[in-house]
Amino acid sequence: MTAPADTPRRWRKAPFIAHAGWRYALYAGALIYLVIGIGSLSVDWGRVIAGLDRGGAFLGAFLQPDFTSRWNSIQEGMLESLAMTVVSTVFGVLLSIPVALGAARNIAPWPVYYVCRGIIALSRAFQEVIIAILFVAMFGFGPFAGAVTLAFATIGFLAKLLAEDIEDIDRGQLEAVRATGARWLQLMNHAIQPQVAPRFIGLCLYRLDINFREASVIGIVGAGGIGSTLNTAISRYEYDSAAAILLIIIAIVLAVEYSSGYIRRTFL
Amino acid sequence: MLQIEGLTMRYPTGDTALTDVDLTVEQGQVIALIGPSGAGKSTLIRCVNRLVEPSAGTIRLGGESVTALGAGALRLMRRRMGMIFQEYALVERLSVMENVLSGRLGYVGFWRSYLRRYPQEDVDEAFRLLERVGLDHMVDKRADALSGGQRQRVGIARALIQNPDILLVDEPTASLDPKTSRQIMRLILELCRERGLAAIINIHDVPLAMQFVPRIVGLRAGEVVYDGPPAALDAARLTDIYGEEDWSGTTRDDDPAEARDAAHKVAASVDAPEIQRAAGS
C-alpha cells in the first residue's frame, strides 16, 4: 500500500523516552527539584546587600592595583610559585611517562595495567588542596610541600590523558616496527613516540599552566608561593595589593596560553 | 626453507582462523596466498613472525623452530622476516630515511637508534635501496607527505634493509590504483629474484596474482584448498576457493582474443610500459 501522492507522509524524530507519561513526569520532576534546590540555598539578602560594598571595594581596587608597597613579597612569592611550577611539571612529566605506558591497554600486560591505573586513580582521587594539606603536614610549610603536591597531581592528570592517546594509536605502525625485531624501548621510541608527540607536548604545556594556577591556590594552605602572599594581602584587607597579584597571575597565564599554542603548532 | 605444519589458530572469541595448515616455501620461491576476506590469509602470515600467537602447529625457518622461541630469540628471528603491509604502516611523522632505517632496529642498540646514529653501512644500504625503489630524492620528506605508491616503496625498502630470508607481504596493492599495483608487484618480484628471497604474498586481486606469481595457494575458511601453478587455476578451482560466481574474464582459459582486447584497453588507458609489455606478450 502506498499513500496517495497528495498527502505527505509525516515524520518526527523519535523521542528519547518513548512513553509520553514517563517523559512529562521526568520533566516535571526535574523542574520541582530545581525549585526546591533554589529554595534550600537560604540566601540572606541583607548580608548580600551589605557585602556589595566590600565586593565593590575589591573590584574598585582592580582599577588602582598597588604593585609597589608589597613589591618585595610579591616578587618573592611569584618567583617561588614559578620555581614550584617548573620543578613540579618537569618531575611530574618524567614520572607520568612510565605510568602512562603501563596504563595503556594496547601495550601493557594486565598486572602492570592495573597497578598503573591504580596509581592514576589515587593521584586523581583528591583535589590539589587536600593533597597539599597532607604534604604540608608531612614536610612543613613552604614551597617543597607545594612542589611535591603538584608533581603528584601531574602524574594522575598526564598519565591518564597520555595513556588514552596511546590506546588510540594506529596499530599498523606499531606492528610494523615490532616486525623488524625492535626492542621494547625502540618500539616506544619509533612507533609510539612519533604518534603521540604533538598531543603529549600540548598536554605538558596545559599542565604547566594548571600547575602555575594551582601553585597560587595551594599557597593558601601553607604550601608556599604567591598564594601565601595573596592570602596575607586579602586577610589584611589590602585589596589593591591583592589586585596587583591577581593581575600578574592573569598576565602569566595569558603568556603561557599564547606560547603553548605557538609551540604546539611547530610540533604537529 | 619455511615449513609450516599443522598450523591452527583459534582467537579467544572462539573463532577459528586457521585449521591444520601445512605449507612449505622453498628458498627463493614466491607464493601468492589468495582467498576470500576472513579466510585467514593475514592471520597466517602474522603467525609466521608471531605478531599473532598460533594455537597449535610448528613453523620452521631454515630448520629453526619459530614457534618454540622465547621473547629475545623471537626478536632476533623477526630480523630474518621482512614484512610489507596493506596500508604501508609507515610511521607517519618520521622521515622516509628514518622509516627505512627502522628496518635495522633489530640490529642496532637502543641509544644508536634513539639518537639516529646508525652505522655507516646501514645508511649506505638505505641510500642504495631508496635509489633502487626510485625514492633517493625524498630522503628527508615526512612519510605522510608521500603518495600511496611512494609509501609502499618505502615500506619495501624498510623490509629489505633487514636483509631477510623471507618476505611476508600482506595485501601490498589493496590501497593502490591498477597501474601502481602492477609496478609494486613487479618491483617485489624483481627484488625477490635479485636477492634470492622467498615471499608469501597475500593478495585479493586474482588476475594480478596469476600474472606475476608462479605458485598460488588458495585458502578458504582457514584451510588450504588449492596449491599449484596459476595455469591450473580454472573456474572450478576458483569456485572451490571463493564460492559460486561467474568467473569469466578472470582466468586464462577464457577466450584469449577477448582477454587480449581487454588488456589492450587497460594498457592504452594507463600508458604504463610494463602493462603494455604484458598485454603484448
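Let me start at B:Ser181, which sits in helix 7 of chain B, residues 178–195. Helices here are DSSP runs of H or I with at least four residues, strands are runs of E with at least two, and both are numbered from the N terminus. This is a predicted model, in which local features need pLDDT of at least 70 and side-chain atom pairs count only at pLDDT 80 or more, while totals for chains, interfaces and linings use all residues. Residues are numbered from 1 along each chain as its sequence is written, chains are lettered from A and ligands numbered from 1 in the order in which they are written, and side-chain values use heavy atoms, with hydrogens and water left out.

Is B:Ser181 buried or exposed? B:Ser181 is buried, at a relative accessible area of 6%. Buried means under 20% relative accessible area, exposed means over 50%, and partly exposed is in between, with a 1.4 Å probe and protein chains only. Setting aside residues up to four places away in sequence, B:Ser181 touches B:Thr173, B:Leu176 and B:Leu208. Contact means heavy atoms within 4.5 Å.

B:Leu176 comes up again with B:Gly149. B:Gly149 is in helix 6 of chain B, residues 148–160, and counts as buried at 11% relative accessibility. Apart from neighbours within four places in sequence, B:Gly149 is in contact with B:Leu176, B:Thr180 and B:Ile184. B:Gly149 and B:Ile166 are 17 residues apart in sequence, and their C-alpha atoms are 22 Å apart in space.

Now chain B as a whole. The chain has 11 helices and 10 strands. Of its 281 residues, 52% are buried. Take the contacts in chain B between residues at least 6 apart in sequence: 67% of them join residues at least 24 apart. Chain B exposes about 12,300 Å², and carbon and sulfur atoms supply 47% of that. Accessible areas come from the Shrake-Rupley method with a 1.4 Å probe, and for residues only the protein chains shown count as cover.

Next, salt bridges. A salt bridge is a side-chain nitrogen of Lys or Arg within 4 Å of a carboxyl oxygen of Asp or Glu. How many salt bridges does the structure hold over all chains? There are 22.

One of them joins A:Glu238 and A:Arg70, with the closest N and O atoms 2.8 Å apart. A:Glu238 lies in the loop between helix 9 (226–235) and helix 10 (239–267) of chain A, and A:Arg70 in the loop between helix 2 and helix 3 (71–102) of chain A, so the pair ties together parts that are 168 residues apart in sequence. A:Glu238 counts as buried at 18% relative accessibility, while A:Arg70 counts as partly exposed at 33%.

Another salt bridge is between A:Arg207 and A:Glu128, at 3.1 Å from N to O. Because A:Arg207 is in helix 8 (residues 184–218) of chain A and A:Glu128 in helix 5 (residues 128–139) of chain A, this pair ties together parts that are 79 residues apart in sequence. Both A:Arg207 and A:Glu128 are buried.

Back in chain B, the side chains of B:Arg132 and B:Glu190 meet in a salt bridge, 2.9 Å from N to O. B:Arg132 is in helix 5 (residues 120–132) of chain B and B:Glu190 in helix 7 of chain B, so parts that are 58 residues apart in sequence are tied together. B:Arg132 is partly exposed, at a relative accessible area of 29%, and B:Glu190 is partly exposed at 24%. Salt bridges with shared partners join B:Arg132, B:Arg186, B:Glu190 and B:Glu194 into one network.

Last, two backbone angles. Most residues other than glycine have a negative phi. A:Tyr237 has a positive phi, near 60°. A:Tyr237 is in the loop between helix 9 and helix 10 of chain A, and is exposed, with a relative accessible area of 57%. B:Tyr88 also has a positive phi, near 70°. B:Tyr88 lies in the loop between strand 6 (81–84) and helix 3 (96–101) of chain B, and is buried, with a relative accessible area of 8%.
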